[in-house]
Amino acid sequence: MDAGLLNGARNLSIYTAYNTNVDAIVYLNGDIVQRLINEFGAEEVKRRIDGYPREIDEPLDFVARLVHALKTGKPMAVPLVNEELHRWFDDHFDYDVERMGGQAGIIANLLASLDFRRVVVYTPHLAKRQAELFVSRPNLLYPVVEDGKLAFKHPREAYRENDPIKVNRIFEFRAGMKFKLGNETVTVPFSGRFIVSARFESIRVYTEEALKPFLPGIGEGVDGAILSGYQGIKLRYSDGKDANHYLRKAKEDVMLLKRRKDVKVHLEFASIQNRDLRKKVIYNLFPLVDSVGMDESEIAYVLNALGYPRLSERIFTYNRIEDSVLGGKIILDEMNLEILQIHTIYYLMYITSKDNPLSEEELRRSLEVGTTLAAARASLGEIRSPEDYRVGLNVPFNERGEYVKLRFEEAKRRTREYKVVIIPTRLVKKPVSTVGLGDTISAGAFTSYLSLLREKMAF
């Protein structure tokens, strides 16, 4: 496929919100781990490992869970709940890389680097350390209210000194790394990563009250909106607020964005472990948006919340395309979506109604933009210019492509009242990075879908 469709999409203006964070990466070696064990003592570390802390509230919790992950060689993520430990981590580690994290931040940097006409990014928390991770592009803007009027600045010029910051610390480890735990010599069996994921009450999902009156104008001035980060909402907060409060606010935001113009809104879904919270997000927000993006495990989670446990379990257990198609149709219908986008490691899929204005070939072209952008990001680590797209075009479609097409044809026989399109992914054998690939696919697919719709409606 040529880059023509991407070029068309680059004429769009996009609004994206809410979640951004700093990904601070440490490449571990035996000396770093040994220093941590020696600081607390091997016996104390072993005792804390036996206690298996479920969250990190003090430094010893971190060291114990890290050593446990290294001994098993399994990737793990443990929430950090004590905001005061920011300083301890920053004093103990020199980060090898600090990069943009969070779906809204990743998507904003991607679209700005691709030279989209205008990218408006909003996050309720914008500390200086966070703001500096936004790419230096004149088309990337952050909305601020000054003297009662709306203005737009680059995020690096809009930061607030006292804002909280979410830092996810990622500790990469390699098979074969060695260290001593008392009399035991530990050899790490597999490569992986240990993530200390910040989960602080101070980080919330909302739009500041001063900005809310300007959301209809922001919606009128863009071609589409990509919203994400709802997985960060908590069921309850110590100040008496709860998930219902923040979801009411989130619903208001979507309706305000659509008030003056029926701007297309895409919700990028992410796994929510708590079933009650998952149901709240699904039932409150899915019916208000036009498009939702998710992976196949998230289809299963959503179906479980909607009351289809057997189909959900089939998807988890067998991972068959025909089950994902059936599940996708249920979600599309029950939530009254315009389009559902599913991304997996081996295939991408659109499910939409038969009367969607785009042909199956046009939908296929849109998905190809998504997988090509993701292949470029996996190959390069970051996309820094529109020319990087061509790197993705040189990545072949994965070797399971024919199998995917065969299984899809079987599933498609039952979908006459829908348009269902599937393509194999372009798969990079040795990716420089896998962070943000799902967000890249969704942003590429949604914006190219908007571009094709606009082109179609112009005739």
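The questions below test the labels on this predicted model.

Q: Why is Ser-291 called buried?
A: Its relative accessible area is 3%. Buried means under 20%. Ser-291 is therefore buried.

Q: What makes both faces of strand 14 count as covered?
A: Strand 14 spans residues 291-294. Ser-291 and Gly-293 sit on one side, and Val-292 and Met-294 on the other. All four residues are buried.

Q: What makes strand 15 a partner of strand 14?
A: Four bridges link strand 14 to strand 15, residues 339-343. At least two are needed, so these strands pair. They too run parallel. Gln-341 of strand 15 is the bridge partner of Gly-293.

Q: Why is the unit of strand 13, helix 10 and strand 14 called right-handed?
A: The three elements make a β-α-β unit, with helix 10 at residues 275-285. Point the strands away from the viewer, and a right-handed crossover runs clockwise from the first strand over the helix to the second. This unit is classed as right-handed, so its path is clockwise in that view.

Q: Why is Ala-300 called buried?
A: Ala-300 lies in helix 11, residues 296-306. Its relative accessible area is 0%. The cut-off is under 20%, so Ala-300 is buried. Its C-alpha lies 7.7 Å from that of Gly-327, which is 27 residues away in sequence.

Q: Why is Asn-19 classed as buried?
A: Asn-19 is in the loop between strand 1 and strand 2. Its relative accessibility is 15%. That value is under 20%, so Asn-19 counts as buried.

Q: What makes the link between Ser-228 and Asn-19 a polar contact?
A: Their side chains are joined at 2.8 Å. The limit is within 3.5 Å, so the distance passes. The side chain of Ser-228 also reaches the backbone nitrogen of Ala-104 at 3.5 Å. Ser-228 belongs to strand 12, residues 224-228. With a relative accessible area of 0%, Ser-228 is buried.

Q: How do you know that Asn-21 is buried, and what does its side chain contact?
A: Asn-21, in strand 2, has a relative accessible area of 6%. That is under 20%, so the label is buried. Its side chain makes a polar contact with the side chain of Asp-23 at 2.9 Å.

Q: Why are Asp-115 and Asn-319 called partly exposed?
A: Asp-115 has 32% relative accessibility. Asn-319 has a relative accessible area of 39%. Buried is under 20% and exposed is over 50%, so both residues fall in between. Asp-115 is in the loop between helix 6 and strand 5. Asn-319 is in the loop between helix 12 and helix 13. Asp-115 has a positive phi of about 65 degrees, although it is not a glycine. Asn-319 is not a glycine either, and its positive phi is about 55 degrees.

Q: Where is the cis peptide bond, and what is its omega?
A: The cis bond joins Ala-17 and Tyr-18, with omega about 20 degrees. Tyr-18 lies in strand 1, residues 13-18.

Q: What makes up the lining of the second largest pocket?
A: The pocket has a volume of about 370 Å³. Of its 15 lining residues, the closest to the centre are Arg-99, Glu-172, Arg-193, Val-432 and Ser-433. The lining divides into five nonpolar, three polar and seven charged residues. Strand 4 gives the largest share, three residues. Strand 2 and strand 4 each supply at least two.

How values were computed: Residues are numbered from 1 along each chain as its sequence is written. This is a predicted model: local features need pLDDT of at least 70, side-chain atom pairs count only at pLDDT 80 or more; totals for chains, interfaces and linings use all residues. Side-chain values use heavy atoms; hydrogens and water are left out. Buried means under 20% relative accessible area, exposed over 50%, partly exposed in between (1.4 Å probe, protein chains only). On a 1 Å grid over the protein atoms alone, a cavity is a set of points where a 1.4 Å probe fits but cannot get out, and a pocket is an open set with protein on both sides within 12 Å along at least five of seven lines; lining residues have an atom within 4 Å of a point. Grid points are joined across faces, edges and corners, and a volume is the space filled by probe spheres set on the points. Ala, Val, Leu, Ile, Met, Phe, Trp, Tyr, Cys and Pro count as nonpolar, Asp, Glu, Lys and Arg as charged, and the others, Gly among them, as polar. A polar contact is a pair of N or O atoms within 3.5 Å; within protein, one must be able to donate a hydrogen and the other to accept it, and residues adjacent in sequence count only if both atoms are side-chain atoms.
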